[in-house]
Amino acid sequence: METKGGFYITQIKQLQGRIFEKLLAENDIELSEGQGRILYILWKTDHLTISEISEKTSLAKNTISVVIDGMVHKGIVERKINSKNRRQTIVSLTEYAKSLQEKYETVSQQMNELFYQGFTEEERKQFERYLVRILETLTTNLRTNQ
């Protein structure tokens, strides 16, 4: 039996990323997809370590470090050494980043409306339950095979 779920997910991610970046630009928000993912996590819980951000975004630590470098340079986040554990770096939002949250959430809502256009509420819920199952399976597999 041929399946194309992974292929479709990849295509959806690519198209969604391009449309989302276009919507951000139209709203004068200059962020890459990776920066947006990190900000989204920090808006929920500020002052996280690179490891915590990596876990919550599913991005590799080295990727996080590179993206954070760019965000520090742009004044979006700041990095500080954890005073309780000098081997850890804490990443925190700047006032500028906090000021972007409302506009970013508006763009996210626009993207969600486009994403689920034509879906009933029950179809949306069922689709998201399937996605959660796939995510949990892949996360478990990754952890067991490390």
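The axis of a helix is taken here as a line fitted to its C-alpha atoms over the stretch in contact, and the angle between two axes runs from 0 to 180 degrees between their N-to-C directions. In the predicted model, helix α2 (residues 33-44) and helix α4 (residues 61-73) pack at an angle of about 90°, and their axes lie 10 Å apart. Angles of 65 to 115 degrees count as roughly perpendicular, and α2 and α4 are therefore roughly perpendicular to each other. On the side of α2, the contact is made by G34, Q35, I38 and L39, while α4 contributes I64, V67, I68, G70 and M71. The residues of this contact of α2 with α4 comprise six nonpolar and three polar ones, with no charged residue.

The protein as a whole contains six helices and three strands. Along the sequence, these elements follow the pattern α-α-β-α-α-β-β-α-α. The C-alpha atoms of the protein fill a box of roughly 55 × 40 × 25 Å along the principal axes. Of the contacts in the protein with a separation of 6 or more, 48% involve residues 24 or more positions apart. The accessible surface of the protein amounts to about 10,600 Å², and carbon and sulfur atoms account for 52% of this area. Of the 146 residues, 27% count as buried.

Aromatic side chains were examined next. A pair of aromatic rings is described by the distance of the centres and the angle of the planes. The count comes to eight aromatic pairs. In one of them, the ring centres of F20 and Y104 are 5.5 Å apart and the planes stand at 85°. Planes over 60 degrees apart count as edge-to-face, so the pair of F20 and Y104 is edge-to-face. Because F20 lies in helix α1 (residues 5-26) and Y104 in helix α5 (residues 95-115), this pair ties together parts that are 84 residues apart in sequence. Both F20 and Y104 are buried.

A further edge-to-face pair is formed by Y116 and F119, with 5.7 Å from centre to centre and 90° between the planes. F119 has a relative accessible area of 39%, so F119 is partly exposed. Y116 and F119 also belong to a cluster in which ring pairs link F115, Y116, F119 and F127.

Note on methods
Residues are numbered from 1 along each chain as its sequence is written. This is a predicted model: local features need pLDDT of at least 70, side-chain atom pairs count only at pLDDT 80 or more; totals for chains, interfaces and linings use all residues. Side-chain values use heavy atoms; hydrogens and water are left out. Rings of Phe, Tyr and Trp (its six-membered ring) pair if their centres lie within 6.5 Å; planes under 30 degrees apart count as stacked, over 60 as edge-to-face and the rest as tilted. Helices (H or I, at least four residues) and strands (E, at least two) are DSSP runs, numbered from the N terminus. Buried means under 20% relative accessible area, exposed over 50%, partly exposed in between (1.4 Å probe, protein chains only). Angles under 35 degrees count as roughly parallel, over 145 as roughly antiparallel, 65 to 115 as roughly perpendicular and the rest as oblique. Contact means heavy atoms within 4.5 Å. Ala, Val, Leu, Ile, Met, Phe, Trp, Tyr, Cys and Pro count as nonpolar, Asp, Glu, Lys and Arg as charged, and the others, Gly among them, as polar. Accessible areas come from the Shrake-Rupley method with a 1.4 Å probe; for residues, only the protein chains shown count as cover.
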